[in-house]
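I opened my notebook to walk through this structure for the first time. Come along and look things up with me.

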Amino acid sequence: MGFFQFIACFLLLNRLNRAFIDPEIKLKWGKQLSLSSWGMLLVYLALQSFFGEAGIIFLGSILLGGILYYLYKEPDFDQFRFYLFAHIPLAGVGLIASLTLFIAPDFYEKYDSFFDCAILAAFVWPFARWMTSKKQREELKMITLRNNQLDTLVAQRTAELTEQKNELENTVKLLQATQAQLIQQEKLASLGELTAGIAHEIQNPLNFVNNFSEVSMELIEEMDEELAKGDTAEAIAIANDIKQNLEKIIHHGKRADGIVKNMLQHSRSNSGEKQPTDINALADEYLRLSYHGLRAKDKMFNSNMVTTLDAALPKINVIPQDIGRVLLNLFNNAFYAVQQRHNEEGDSYKPEVKVSTAMKGKFVEIRVTDNGTGISDSVKDKILQPFFTTKPTGEGTGLGLSLSYDIVVKGHGGTMEINSKEGEYTEFIIRIPA
Amino acid sequence: MKILVVDDEADVQPLFIQRFRKEIREHEVEFDFALSGEEALAYLKEKHQEVVLILSDINMPGMSGIELLSKIRHDYDAPPPVVMMITAYGDEENHRQAIQNGANDFLTKPLDFTLLKEKLKTLITNG
């Protein structure tokens, strides 16, 4: 019966030696464990010659207990604590049995089969514990493996998502830049539309300047002739004509000058200063610019224009090129609408665009009305949105009204109202505080 | 000969009158002016028998010169007055439309008055 403890020590030390996977720990403990495990057997053989059964069981249990205690204290063996604890019953039963045998041998003889069973059971117990633990350890290994796999997956996924996020951020930046570009292009495009109208506008006064200058030259020659003939009355009449011609030249020259100045102002982006402005003159100028601009694109385009401008309208503080741009946009839209209706209905339809100005309380009110295709209710909600347009692709950026709305409401503290009946008319009412 | 000039710019009037000073003084020509196609038609209703030549701008607000031209050709064809179109846009499309609608001639702005006078001379000699 004594050898169970020794065999248990031997097996314990062996198993622990084999159980370590970590090469560092194997290096540290390997030799000690294997040497001591064989040492156990030597000790047993040695003790056999000196001690009786009781002594051997006792010493074996003490030895086992000692090893267990030592290993318990070593942190490297923490994971095997369960196994160490599994040997305690064997050490404990051994102690009890040996003491009993020593103190009361008769009692021991009487019940020796019980003691034998107990020792056997205690001996087998560590085996059972090791087996179940093996299963648990396998499961743990699997779970750890799974965990590692999942960790790798998560890291991969995170990397993918981070990459996508960066790409999206770049795309957003690109879109924002493109949007800014489009807005600038819209401004340039409206300037381009103006150019044709402006060229025509300038052509007329220039023609007059040239023609009246030429005529005046001829008249001066005639005047010379009349003076030579002595017909002073006729000469004076001619001189009057020349004077009138020169007045007309000045007038048309100034007209051209004004148009060029307007064009320069319009092309400057955001010079932002409010100045007292004659809204009537602005409306008139931009109405004609819009008309001629569209004519330059479509020779067949035609429309009646009615202006009802309140002559008593005071000058108000606005940014002229911005309000001009708003008016230009409204006129362009109005002419487009009547043109569309004309395309649908033919010559029986008379296109008409009206602009009127009036003082309404503290506000200057500008109305632009057309009898064109009108705006349906579903579209009306969207027309102030940037990039919304009913024109076919490539014909309009959809920015005109949204920019206009910003200029009127945010830039000048005014309001913009839209009334329309589909198929009949559309009216934009702008009110700007005076 | 009575000439009707149709142009929405009012300043063409002193221009014509001064350019044709001599001719007017010698009663070779007489000018009347209309500021729009509608005004021209109203004028023609009364005086179409007397008007021999009509000079019309093409690009005018309201009734365009081409529209006026086709109306004239439609309403007043016995005898048909000579109609010459004047325009700042001297392009193919305008030219074609003018000729198609029955214009006799096509002039570009700025008006070359010497050329115009020559054309008028041809008109007079051809009766």
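Leaving aside its neighbours within four places in sequence, which residues is A:Ala283 in contact with? I found A:Leu309, A:Leu327, A:Val355, A:Thr357 and A:Ile366. Two residues are in contact if their C-beta atoms, placed from the backbone, lie within 7 Å.

A note on what I am reading: this is a predicted model, where local features need pLDDT of at least 70 and side-chain atom pairs count only at pLDDT 80 or more, while totals for chains, interfaces and linings use all residues. Residues are numbered from 1 along each chain as its sequence is written, and chains are lettered from A and ligands numbered from 1 in the order in which they are written.

**Entry: the cores.** I looked for nonpolar cores, meaning sets of buried Ala, Val, Leu, Ile, Met, Phe, Trp, Tyr and Cys residues joined through C-beta atoms within 7 Å. Buried means that 20 or more other C-beta atoms lie within 10 Å of a residue's own, again placed from the backbone. The largest core has 35 residues, and A:Ala283 is among those that touch the most other members, as are A:Tyr286 and A:Phe331. Helix 9 (320-345) of chain A gives the most to this core, with eleven residues. Helices here are DSSP runs of H or I with at least four residues, strands are E runs of at least two, and both are numbered from the N terminus. Apart from this core lies another, of 33 residues, including A:Val215 and B:Ile58.

**Entry: chain B.** I counted six helices and five strands in chain B. Of its 127 residues, 33% are buried.

I then followed strand 4 (residues 82-87) of chain B, which is largely enclosed by the rest of the structure because five of its six residues are buried. Strand 3 (residues 51-57) of chain B pairs with strand 4 in the parallel sense over five bridges; pairing takes at least two bridges found by DSSP. B:Leu55 has B:Met84 as its bridge partner in strand 4 of chain B. B:Met84 also has a bridge partner in strand 5 of chain B, B:Asp105, and strands 4 and 5 of chain B pair in the parallel sense over four bridges.

**Entry: where the chains meet.** How many residues does the contact take from each chain? I noted 16 residues from chain B and 18 residues from chain A. On the side of chain B that touches chain A, helix 1 of chain B gives the most, with four residues.

Notes:
Buried ≥ 20, exposed ≤ 12 C-beta atoms within 10 Å, placed from the backbone.
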